[in-house]
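Here's a quick tour for anyone opening this structure for the first time. Take a look at the model below, then read on.

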Amino acid sequence: MERIAHVLTNLRRIALPTVVILITLGVTQQSLAYLEDRPPVYLEAKVGSYVILNCPVDFPKNDPIPYVLHWNKDNKPVFTLYDGILNTYETYIGRVTLLSNDLVYGKASLNLTSIRESDNGWYECKVIFPNRVPNKRNNGTWFHISVLGGTLLKIPPVNSTVLEGDPAFFHCTAQNPETMFVEWYKDGVPLLEMYDLINRSTFGPDGSLTILPTQMSDLGYYTCLVRNKANDTQDASAFLNVQYAAKVIFAPKEVYLPFGQPAVLDCHFRSNPPLTNLRWEKDGFLFDPYNVQGVFYKRNGSIYFEKVDDSHAGRYSCTPYNDLGTDGSSPMINVIVQKPPQFILKPKILYVTKIGGTVEMHCDARDQDGSHTPQISWIKRDGSLLPHGRYQLNGANLTIEDITESDRGIYACQATNEAATISADAEIMIENVSPRAPYNLTGNSSDTAITLRWAPGYIRQYLEYIIWYRLAEAQEWRTFKVNNKHILEATITNLLPAKEYEFMVLCQDSYGDGMFSKAFRYFTKPKEFEQPETFQDTLLQFNQIGSPINLTIEKRHSNYEARWKPPELGLDQLRYYILRWWVEPQHKLHGSRTTPETSYILEDLDEDELYTFQVFAMSTTNYTSGSNEVEIYIHPYQKVKVMTIGGVLLLLVSLAVISMLLYVKRNRIRKLRAAENVKI
């Protein structure tokens, strides 16, 4: 009965409806005994850390129904959930998050962050079903949090969300401010080294930090570090989320688009909370890509032109919006359509030389309209510089003398005008037995890492693999060496979330010679911030999908059939497959088909051609993931058949002609002999 009185007291405090009180009174003595006998959970935490209070909800007959949730500490409310409304009390504001959608923890579980010394004590989780009386209530339990002693920090900072221009405040109270020192960092950098931010910051006598006014660049993790005279330290971090109306941060005065080629017109904006709408205008009128053939919106709001023509020229402006509105439109962007350059002389695909030799690679280009010569330059694909003192540029031709092992690799001749840059690759190979390139690159990713897998192009006793990788939009390459030659995979870490990376796998033998795989691109997943209170993820979420598996091309009667297995990851996100094939060695796209099936009959392949096939899985969020590549040579069966039939027909005609000639000849001989007999 004491237990029931205690429940009634708490119900009166939050003024629940009378029906809830009657249902609670109807709880059986057996259920009460069950709750009282349930052992408590003991937890330990340091100041500034977090604890998860796991409280599962046992629904009657496993059917989810409405429930009321109470979290109390020492008979005082901490957190309540009633009729879909969340309430956090007193010093717990901004520090508790309900893990109702977590797959690991129960629906009534709490994540308590930025632990303080005052958080020490008993916590009770109570779940009540207001609409029915279950046969057995297995809900609710007790937790005891012990805040570990010997700490320097008394009150750590708490995650905060502010509007741009408003003040941001972080606690950082030391145990003894008179004998301890407080240092502040932002994203690992001392605040004293960030001159703009430090000029807008003030520090309280207890070590607290106030930033006024806040700017959008202030978003990040702030860490306070407490140090005593014995040089002992303790730190705690909190995230500052600065929200602002969507704003354009850059707009070029002129943008050149390449005539006859695809192009993108970007709107450079920042938005937190995320973008909700982006409006484009052209020549003072609303420009809606949905009403213009061959023009589309990209996911980030940019305009994608499938094939640029003269009608796309004009004066454009963009206006981004989010839940807080907009900061205004961009300045006018003058879009000019210009024909891109074209090569009139390309370097050879491969140059084979010896150590100490000389290689001369030829290249030349002109604008398509013949107006002027584009700018031509040479680069090395691995990002390294051309060999100092050993190369010469004669017009657009590159000559490298005294070849060394470091000169091997892929070089690119690039021709650039205002509209576009085109490139032609050439590879320098040192004479030696070198391994063939790895192939069939596939990947999986998290928010900060990508695991790359490949098939070996060559099996030898002494081989090593080196992963070359970079951001897709970056120029600089980084390398990662795989220590075990028998492991055909590598995980690249410390990557940025929601970014596309480009990879190449280099296979080297004991002489240092090798070849690069084809370039392979893959996205890291977006980082999910789950912060207390009103903080929302500032990154646009999307779900990745795995790569189709085991693509094969087999001949079926008079046609070819492509078959593959569905991806292992994200199959529920699959929209359809995209099968593409290219003509080699030009690597020119020959065909593309979409299908929901895991096979496709190919009916339009040309004979006596080498094709490369690849199938992509398209997710419901427009994310694609490519399978392994398969090369197949289409034998000229029809040509051979036609030639064979033609040869047979020609032979028959020849035999007929010969027979006719023999018949005529014999007939003449017979007549001559008959004439001679008459004379005799």
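Let's start with a hairpin: strands E3 and E4 have two residues between them, and Asp74 there takes a positive phi near 50°. Keep in mind that this is a predicted model.

- E3 (residues 68–73) and E4 (residues 76–82) run antiparallel and share five bridges.
- Lys73 has its bridge partner in E4, namely Lys76.
- E4 also pairs with E5 (residues 85–88), again antiparallel, this time through four bridges.
- Across that pairing, Leu81 sits opposite Leu86 of E5.
- The hairpin of E4 and E5 has two residues between its strands as well, and here Asp83 takes a positive phi near 60°.

**The nonpolar core**
- The largest nonpolar core counts 50 residues, and Leu69, Trp71, Phe79 and Tyr222 have the most contacts inside it.
- Strand E19 (residues 233–250) gives the most to this core, with five residues.
- Domain 1 (41–148) and domain 2 (153–243) both supply residues, so the core lies between them.
- Leaving aside residues up to four places away in sequence, Leu69 touches several others, including Phe79, Leu81, Leu98 and Val127.

**A three-stranded sheet**
- Three strands make an open, antiparallel sheet in the order E21-E26-E25.
- E21 (263–265) and E25 (295–297) are the edge strands, each pairing on one side only.
- On average, neighbouring strands of this sheet are turned by 25° against each other, ignoring direction.
- E25 pairs with E26 (residues 303–305) over three antiparallel bridges, and Tyr297 has Ile303 of E26 as its bridge partner.

Conventions
Residues numbered from 1 in each chain as written. Predicted model: local features only at pLDDT ≥ 70, side-chain atom pairs only at ≥ 80, totals over all residues. Heavy atoms only, no water. Pairing = 2+ DSSP bridges. Axes fitted to C-alpha atoms, helices over the stretch in contact; angles between N-to-C directions. Core = buried A, V, L, I, M, F, W, Y, C linked by side-chain atoms within 4.5 Å. Buried < 20%, exposed > 50% of the residue type's maximum accessible area, 1.4 Å probe, protein only. Domains from an automatic or database assignment. Contact = heavy atoms within 4.5 Å.
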